[in-house]
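Me: Hey, could you walk me through this one? I'd like to go helix by helix.

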Amino acid sequence: MSKLDELKKHLKPGQAYRRADLARWSTSVDRHIKQLVEQGVLKKLSGGLYAFPKETAFGLAPAADKDVVSAFLKDDRFLLASPNAYNSLGVGTTQLYDKTVVYNHKRHGEFYLGGRRFAFRVKPHFPKSLMKEFLLVDLVNNLDQLAEAKDEVLKRVMERAVVSDSPRLRRLVRTYGNERTKKFFERALRPGELQHAA
């Protein structure tokens, strides 16, 4: 078995790899990577980052975003979010955005990985998964970046806040909201309390 075939044996479909990962299985890693990219076995995502696409009935499927980001950061502590997720809240956002936001502890900036745009944002805290209440907080935090009519969106967020799980929303606002967001939800949740008390 050639050294190249030996390296191929370690590759898992749908996984992303850094050059350093591949160097563990090869003594001529740069030559082998070049050959594997030329053969179409590996796909270059960005400098030093590669994916081994998965065979499906519809052709080759790219590595999942979470695998690509995990390899890029060399870390599993991150949260993938997208402004498109706001559209599921029913607050009047309908725009589609071509980037994925990555909340993480290490990198900040925009990077193209495998032709897709990722906006890395360093945050001290973020939840393990996306939930409706976090998306409401996140939307108000990022209001300036949205294309929609902001007053209209905020009015609907206020309506959603009143009928949401109030204690959880308050906790998420305290933990993840910026100052402006905290003030907004303080106002938004006041009428809700009066209604629930009535």
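Me: What should I know before we start?

Reply: This is a predicted model, where local features need pLDDT of at least 70 and side-chain atom pairs count only at pLDDT 80 or more, while totals for chains, interfaces and linings use all residues. Residues are numbered from 1 along each chain as its sequence is written, and side-chain values use heavy atoms, with hydrogens and water left out.

Me: OK, how do H5 and H6 cross?

Reply: H5 covers residues 132–141 and H6 covers 150–163; their axes come within 11 Å and cross at roughly 155°. Helices here are DSSP runs of type H or I with at least four residues, strands (E) have at least two, and both are numbered from the N terminus. Axes are lines fitted to C-alpha atoms, for helices over the stretch in contact, and angles run from 0 to 180 degrees between N-to-C directions.

Me: So are H5 and H6 roughly parallel or roughly antiparallel?

Reply: Roughly antiparallel. The cut-offs are under 35 degrees for roughly parallel, over 145 for roughly antiparallel, 65 to 115 for roughly perpendicular, and oblique for the rest.

Me: Which residues make that contact?

Reply: From H5 there are Leu-136, Leu-139 and Val-140, and from H6 there are Val-153, Leu-154, Val-157 and Arg-160. Contact means heavy atoms within 4.5 Å. By class, that gives 6 nonpolar, no polar and 1 charged residues. Ala, Val, Leu, Ile, Met, Phe, Trp, Tyr, Cys and Pro count as nonpolar, Asp, Glu, Lys and Arg as charged, and the others, Gly among them, as polar.

Me: Is H5 largely enclosed or largely open?

Reply: Largely enclosed by the rest of the structure, because 9 of its 10 residues are buried. Buried means under 20% relative accessible area, exposed means over 50%, and partly exposed is in between (1.4 Å probe, protein chains only). The buried ones include Phe-134, Leu-135 and Asp-138.

Me: How many residues are in the largest nonpolar core?

Reply: It has 29 residues, and Leu-139, Val-157 and Phe-185 have the most contacts inside it. A nonpolar core is a set of buried Ala, Val, Leu, Ile, Met, Phe, Trp, Tyr and Cys residues joined through side-chain atoms within 4.5 Å. H5 gives the most to this core, with 6 residues.

Me: What does Phe-185 touch?

Reply: Leaving aside neighbours within four places in sequence, Phe-185 is in contact with Leu-136, Val-137, Val-140, Val-157, Ala-161, Leu-169 and Val-173. There's also a second, separate core of 15 residues, which includes Leu-73, Phe-78, Leu-113 and Phe-118.

Me: New topic: how do H1 and H3 meet?

Reply: The axes of H1 (residues 3–10) and H3 (residues 29–38) come within 11 Å and cross at roughly 75°, so H1 and H3 are roughly perpendicular to each other. Lys-3, Leu-4, Leu-7 and Lys-8 of H1 contact His-32, Gln-35 and Leu-36 of H3. That contact divides into 3 nonpolar, 2 polar and 2 charged residues.

Me: And how exposed is Gln-35?

Reply: Gln-35 counts as partly exposed, at 28% relative accessibility.

Me: Last one: what's up with Lys-74?

Reply: Lys-74 has a positive phi of about 55° although it is not a glycine. Most residues other than glycine have a negative phi. Lys-74 lies in the loop between H4 and E6, and it is exposed, with a relative accessible area of 60%. By contrast, 7 of the 9 residues of H4 (residues 65–73) are buried.
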